[in-house]
Amino acid sequence: METRKEVFVGIDVSKENLDCDWGSYRRFENTPSGVKSIIKQLKKLAVKLVVVESTGGYERALLEALWDAKIPVSHVNPRKTKAFADSLGQHAKTDKLDACLLRQFGEKLLPPVTPAPSPEVRGLQVLLDRRTQLVGMRTEEKNRAKNPAITKEIRGMIRKSIIFITKELNRITLSIEKAIDASAVLKAKAAVLQKEMAVGPVLVMTLLGDLPELGTVPREKISALVGVAPLNNQSGNSDRPRTIRAGRKQVRAVLYMATVCAIRRNPKIKAYFLSLVKRGKHKMVALVAAMHRFIVHLNAVMRDFLAGSQEVIHT
């Protein structure tokens, strides 16, 4: 029997289209039928890996279909593929070229396969995405209300809009809480996190949905996923302050607010933050360091809980 050659696939995702390259190029619509056609086509191939960039959620339906079809996929950060393109000297940009670039990225760098989240986590992620959108909309409206140039009538309209968005935000938050309570696993994890000082409901739901790796990966990996792992910035005799970048923006934003609270209420985090400030660190640098310590601690807490759960199962 002839063995089929393994292929790498790059899929460039946009709002309307899915541009695919597996050595040949095809375009599909970013619709349920288009995604179904892609899966049907990929099942005819010996797919080694599909590479898909994060594109603000437009890739979600494709990812779920790939996971359901048991087709290995790597969900990569656009920063990495841009750096790869720069290394090749590729500055031209079209959907077709981007799909080809993603295929080459997979072939050359072999990024890790992104594991499929559980159905409960997938559902939670959809709700969290909507909650994030509503929070952003309310913030924008509040900022518009502060504009001294707007009329009284417009300000009244904005206030009504804020009231409506707040009601919707409360509804989606309630739906998230119900989704967590409906899952024995998520409910147990939430209970463990809520025992930690300065861990509120928003941080809990964000960690459960947007950072499902919590407790399953080493401390270095979890801090990198959030984007609070300090990176060295040295060259020759120059020794610049270390920086952070990349990571999951929404998780980092929620962790930031939780850490601000932890600095006031959590004795260990507070002592660590104040010790850094006392040593001359800028307050923002010390705050980021406290964020790093906080998420590493929560990762350890969840790791111990998961290990204990496995012991109970096997005894």
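This briefing covers the nonpolar cores and the salt bridges of the structure above. The model is predicted. Its largest nonpolar core has 41 residues, and the structure holds 13 salt bridges.

**Nonpolar cores**

- Within the largest core, the residues that touch the most other members are Leu193, Leu207, Leu211, Phe294 and Ile295.
- Several helices supply at least two residues each to this core, including helix 5 (119-145), helix 6 (152-182) and helix 10 (249-265).
- Helix 12 gives the most, with 10 residues.
- Leaving aside residues up to four places away in sequence, Ile295 touches Leu207, Leu211, Leu214, Ile222, Val226, Val228 and Leu255.
- Another core, of 22 residues, lies apart from this one, and Val13, Cys20, Ile39 and Trp67 are among its members.
- In soluble globular proteins, nonpolar side chains tend to be buried together.

- The side chains of Asp19 and Arg27 form a salt bridge, with 2.8 Å from N to O.
- Asp19 is buried, at 0% relative accessible area, whereas Arg27 is partly exposed, at 43%.
- A network of salt bridges links Asp19, Arg27 and Asp95.

**Salt bridges within a helix**

- Asp86 and Lys82 are joined by a salt bridge of 3.4 Å, N to O.
- These two residues, Asp86 and Lys82, are about one helical turn apart because they lie 4 residues from each other in helix 3 (residues 78-88).
- Lys82 is exposed, at 55% relative accessible area, while Asp86 is partly exposed, at 39%.
- Glu140 and Arg144 also meet in a salt bridge, at 3.7 Å from N to O.
- Glu140 and Arg144 are 4 residues apart in helix 5, so about one helical turn separates them.
- Glu140 is partly exposed, at 43%, and Arg144 is partly exposed, at 41%.

Terms used
Residues numbered from 1 in each chain as written. Predicted model: local features only at pLDDT ≥ 70, side-chain atom pairs only at ≥ 80, totals over all residues. Heavy atoms only, no water. Core = buried A, V, L, I, M, F, W, Y, C linked by side-chain atoms within 4.5 Å. Buried < 20%, exposed > 50% of the residue type's maximum accessible area, 1.4 Å probe, protein only. Contact = heavy atoms within 4.5 Å. Salt bridge = Lys/Arg side-chain N within 4 Å of Asp/Glu carboxyl O.
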